[in-house]
Structures are given as structure tokens and as C-alpha cells.
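My notes follow in the order I checked things.

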Amino acid sequence: MDDLIFEQTRLGIVLKKSESNAAFQTVPDTWQGQPVIGIGKYAFANQPQLKRVTLPQSIDSIGNHAFYNCFALEHLTMLKGAASVGNGVLTNCRSLHQISVHGLSHIRGIVTDFLNEFTLTVTTEEGETIRLMFPEYDYSFEEAPCRGFRSITYGSGSFYRSCVLRNDIDFSEYDSFFYRAIRSDDPQTVRDVAFYRLLYPYRLREKPKQAYLDYLQENAGDVVASVLEQRDISRLELLLAHEILSCEVLEAAIAQASGMDFPEGVSLLMDHRLSRFGRPRKRFIL
């Protein structure tokens, strides 16, 4: 606590500077009996050891470049969105791929200018979990005849970020950009987009749901191989529940799971083979 420097402003208590060397830091919700309402500019900047930060529900503003050059920062947890977010808050946070927040209000500022691929986990006021993949994106400028320069965007990430509104997320629009992800992004990123929407189907309509399932089925061999490599039981159970795997793909998956010493995966796959396709016929070589 002594490593956190606070100051009194006309609006309330603000964290001016963290001088901690800890990898995991939690900002308290009060200081000297008063709520901590803001994170000052450059408050956590240039802390190469920082890996995880948790901000309290009382925080309402985050200053410019608050986490500038926190190269090792992996996970930012906010117990409430911030109504005011400054410029370049997450600039050069190259390892940050997990952002968690409580509620859908005031999250736009923290995610829309952030170029990394990241997973956003939202806990709604009703206690429901939402998990969304936001692909990375980049942009450059090139000369354009008669118009000076034009901006060129790479990846689907900018489109997905446009779905984040001030106090909500447009889930229908988010789902409508899946075709862009298929066309522009790494296959693993595309799988994550599909799996997260199917596993956490908050406001997921039937048509985009079917589009996600169709993609997984069309790429079933690569999809189940990746799931087994990750030893992700929840994703494997989803594939089996929706009967995504053909008999041929299922046999290859059983062989893969057996070869990698993954007994839980083997058990699920073999039970599914039995219930869906029956016992395999024994072959005799004369």
C-alpha cells in the first residue's frame, strides 16, 4: 500500500503513481476512508515486471498512458468500466491478451484503441458470463492519387471493435463480421471467435449460431486437432454435442488423443463414437 501514491483532487482521490515492483497489483477502493475514483496519467507506466492489475469498482477515470510500456502486462481486470479513458492507455502493452470487466457500461474507451488480439470477459449485472475474442489489427498509410494519403487496415479487429458502444455491445453486428475474420485472420483466432460465441451465447441468434457451427464442421479435422492439443474439454464437449465430427474425423481424433496420453479426451471421444456410430466392426485379415 505504501508503494501506491495517491493525491486529493477536486473530484476525489486519484492514484498518482505506483512505485511497486510487484508483478500482481490491486488498487484499493478507498484511501484514508475516501473512494479512489481515478487512475492518473502514467500511473503504472514503464513497469516491466507488471503482469496483472485489478482496478476497483470505484474507478471512474483512467488517465493518458496509464499503462504505457508495461510490456509484460497480461491481464487487466476492471470491476467496473471507466466513464473517462485517456489516450494511449495501453500503448506498448504487447503481452496483454486478457481484459475482464464487470458490466457492459463504459468499456468502449479501454478496448477500441487497443491493437492486440485479446479476449474480453464480461460479467453482467445478472451474473452471466460473456466472452468475446477481438482479433488484432494494424493500419498503415500510403499515397493515393489526387487525395494525398489513404489509410489501409489489416485484419478484422477494427470492425469488431466498432461493435463496442458506450454502454453496450452490438452483438448482432459482432456476429455479422465473422466472414471478415475467416477471410483476414489466423485460423486459431477464427476458431476462438466461434467457440466463445457458442460457449457463451449471450444474445446469440440462430442464424449466426449456425454460421459458427458450419465453420467448425467444414474445418472439423483441424478444429478437433487444435482442441485436443489444448486439452480443452469444454470445446471438445461442444463439438460432440453438436455432432460436428464425422466418423473418419472422430477416428483420427481418438488416435491423436491416445497418442498424446489424454485419457479424458479419449473417453469422451470413444463414448461419442459408441452412442453415435455403434461399436466399430472388427476386421479380420485372412
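Which residue in β10 does Thr77 stand opposite? I looked it up in the model, which is predicted. Thr77 stands opposite Ser100.

**Entry 1: the sheet**

β8 covers residues 75-78 and β10 covers residues 98-102. They pair in the parallel sense, over four bridges. Next I traced the sheet they belong to. I found six strands in an open sheet, ordered β3-β6-β8-β10-β11-β12. The pairing is mixed. I noted the edge strands as β3 (24-26) and β12 (129-134), each of which pairs on one side only.

**Entry 2: the hairpin**

I moved to β1 (residues 4-8) and β2 (residues 13-18). These strands run antiparallel and are joined by five bridges. Gln8 stands opposite Ile13 in β2. β1 and β2 form a hairpin with four residues between them. I checked the turn and found Gly12 there, with a positive phi of about 150°.

**Entry 3: aromatic pairs**

I counted ring pairs, with centres within 6.5 Å as the cut-off. The count comes to 12 aromatic pairs. I picked out Phe134 and Tyr174. Their ring centres are 5.8 Å apart and their planes lie at 70°, so I logged the pair as edge-to-face. Phe134 lies in strand β12 and Tyr174 in helix α3 (residues 171-176), so this pair ties together parts that are 40 residues apart in sequence.

**Entry 4: α7 and α8**

I turned to the helices. α7 spans residues 220-230 and α8 spans residues 233-241. Their axes come within 8 Å and cross at roughly 150°. That makes α7 roughly antiparallel to α8. The crossing is left-handed. From α7, I listed Val223, Val224, Val227, Leu228 and Gln230 in the contact. From α8, I listed Arg235, Leu236 and Leu239. By class, this contact of α7 with α8 has six nonpolar, one polar and one charged residues.

**Entry 5: α8 and α10**

How far apart are the axes of α8 and α10? I found 11 Å, with the helices packed at an angle of about 5°. Helix α10 covers residues 263-277. At that angle, α8 is roughly parallel to α10. Ile233, Leu236, Glu237 and Leu240 in α8 meet Glu264, Gly265, Leu268, Leu269 and His272 in α10. I sorted this contact of α8 with α10 into five nonpolar, two polar and two charged residues.

**Entry 6: α9 and α10**

I finished with α9, residues 247-259. The axes of α9 and α10 come within 9 Å and cross at roughly 155°. That makes α9 roughly antiparallel to α10. I noted the crossing as left-handed. On the α9 side, the contact is made by Cys247, Leu250, Glu251, Ala253, Ile254, Ala257 and Ser258. On the α10 side, I listed Gly265, Val266, Leu269, Met270, His272, Arg273 and Phe277. The residues of this contact of α9 with α10 divide into nine nonpolar, three polar and two charged.

Technical notes:
Residues numbered from 1 in each chain as written. Predicted model: local features only at pLDDT ≥ 70, side-chain atom pairs only at ≥ 80, totals over all residues. Heavy atoms only, no water. Axes fitted to C-alpha atoms, helices over the stretch in contact; angles between N-to-C directions. Helix = DSSP H or I, 4+ residues; strand = E, 2+ residues; numbered from the N terminus. Parallel < 35°, antiparallel > 145°, perpendicular 65-115°, else oblique. Left-handed = near helix turned anticlockwise from the far one by under 90°. Contact = heavy atoms within 4.5 Å. Nonpolar A, V, L, I, M, F, W, Y, C, P; charged D, E, K, R; others polar. Pairing = 2+ DSSP bridges. Phe/Tyr/Trp six-rings, centres within 6.5 Å; stacked < 30°, edge-to-face > 60°.
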